[in-house]
Amino acid sequence: FPSHDYGVGLLVPLNLSLNIFVLLLITVFVATFYVGLGLLLSYYSQDFTSLLVNYMIMMMVFLVPSVLIMAGLLPESLLAFTRYLPSEISLRIMSLALHDFEFMQAMIDLLIAFVASFILYRFILIPRFKAFASKHLGV
C-alpha cells in the first residue's frame, strides 16, 4: 500500500491533519453556546413539543444561510450579513482543528463566540434559572 492513510474501506486516500485536542476543546466551546440557546428556548416554551418546534425553527434560521453559502447559492451581496451568524462562526471555529486558518479572523470568531456565550449565560440564563426551576421543577 502507498504511504498515506485511507478511509471508507481503503478506497479514498486521506491526507488529513487533525488536532484532536483542539477539536475537542472547540467542540465543547461551540456546544456550550448551543446548549445555552436550548436552555433559553426551554425557559419560554410551554411544553416539550413547542420546545422542539422552536429549536427546529431556530436551527433552520441559523443553518439555511450556511448551507446556501456552502452550495454557492447565496448572492454575494448577502454574504456580509451572514458572516456572523452563529452557525457560520461555529463552522469557522470548528475548521481551526482541520486546516490552516487566518489568525485574525480566528481570534475575532473566538472572541464573538465567547462574548455571546458569556452574555447569554451571565445576563439571561443564570438570573432566570431560579424562577424557571421553582416554576417548572418544583424546587
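A residue counts as buried when its relative accessible area is under 20%, and the legends below apply that cut-off to a predicted model.

**View 1. The aromatic pair of F33 and Y34.** At 13% relative accessibility Y34 falls under the 20% limit and therefore counts as buried, and F33, with a relative accessible area of 12%, is buried as well.

**View 2. The aromatic pair of Y43 and F132.** These two rings are tilted relative to each other, their centres being 4.8 Å apart and their planes 40° apart. Because Y43 lies in helix α1 (residues 20-44) and F132 in helix α5 (residues 103-137), the pair ties together parts that are 89 residues apart in sequence. Both Y43 and F132 are buried.

**View 3. A ring cluster, and arginines placed over ring faces.** F114, F118 and F123 are linked into a cluster by ring pairs. R122 lies over the face of F123, at 5.6 Å from the ring centre. In a further arrangement of this kind, R92 lies over the face of Y84, at 5.6 Å from the ring centre.

**View 4. The packing of helix α2 against helix α4.** Two packed helices are described by the angle between their axes and the distance between the axes. Helix α2 (residues 48-71) and helix α4 (residues 86-94) pack at an angle of about 55°, and their axes are 7 Å apart, which means that α2 is oblique to α4. On the α2 side the contact is made by F62, L63, S66, I69 and M70, while α4 contributes P86, S87, E88 and L91. Sorted by class, the residues in this contact are six nonpolar, two polar and one charged.

View 5. Helix α4 is largely enclosed by the rest of the structure, because seven of its nine residues are buried.

Methods:
Residues are numbered from 1 along each chain as its sequence is written. This is a predicted model: local features need pLDDT of at least 70, side-chain atom pairs count only at pLDDT 80 or more; totals for chains, interfaces and linings use all residues. Side-chain values use heavy atoms; hydrogens and water are left out. Axes are lines fitted to C-alpha atoms, for helices over the stretch in contact, and angles run from 0 to 180 degrees between N-to-C directions. Helices (H or I, at least four residues) and strands (E, at least two) are DSSP runs, numbered from the N terminus. Angles under 35 degrees count as roughly parallel, over 145 as roughly antiparallel, 65 to 115 as roughly perpendicular and the rest as oblique. Contact means heavy atoms within 4.5 Å. Ala, Val, Leu, Ile, Met, Phe, Trp, Tyr, Cys and Pro count as nonpolar, Asp, Glu, Lys and Arg as charged, and the others, Gly among them, as polar. Buried means under 20% relative accessible area, exposed over 50%, partly exposed in between (1.4 Å probe, protein chains only). Rings of Phe, Tyr and Trp (its six-membered ring) pair if their centres lie within 6.5 Å; planes under 30 degrees apart count as stacked, over 60 as edge-to-face and the rest as tilted. A charge sits over a ring if NZ of Lys or CZ of Arg is within 6 Å of the ring centre and within 35 degrees of the ring normal.
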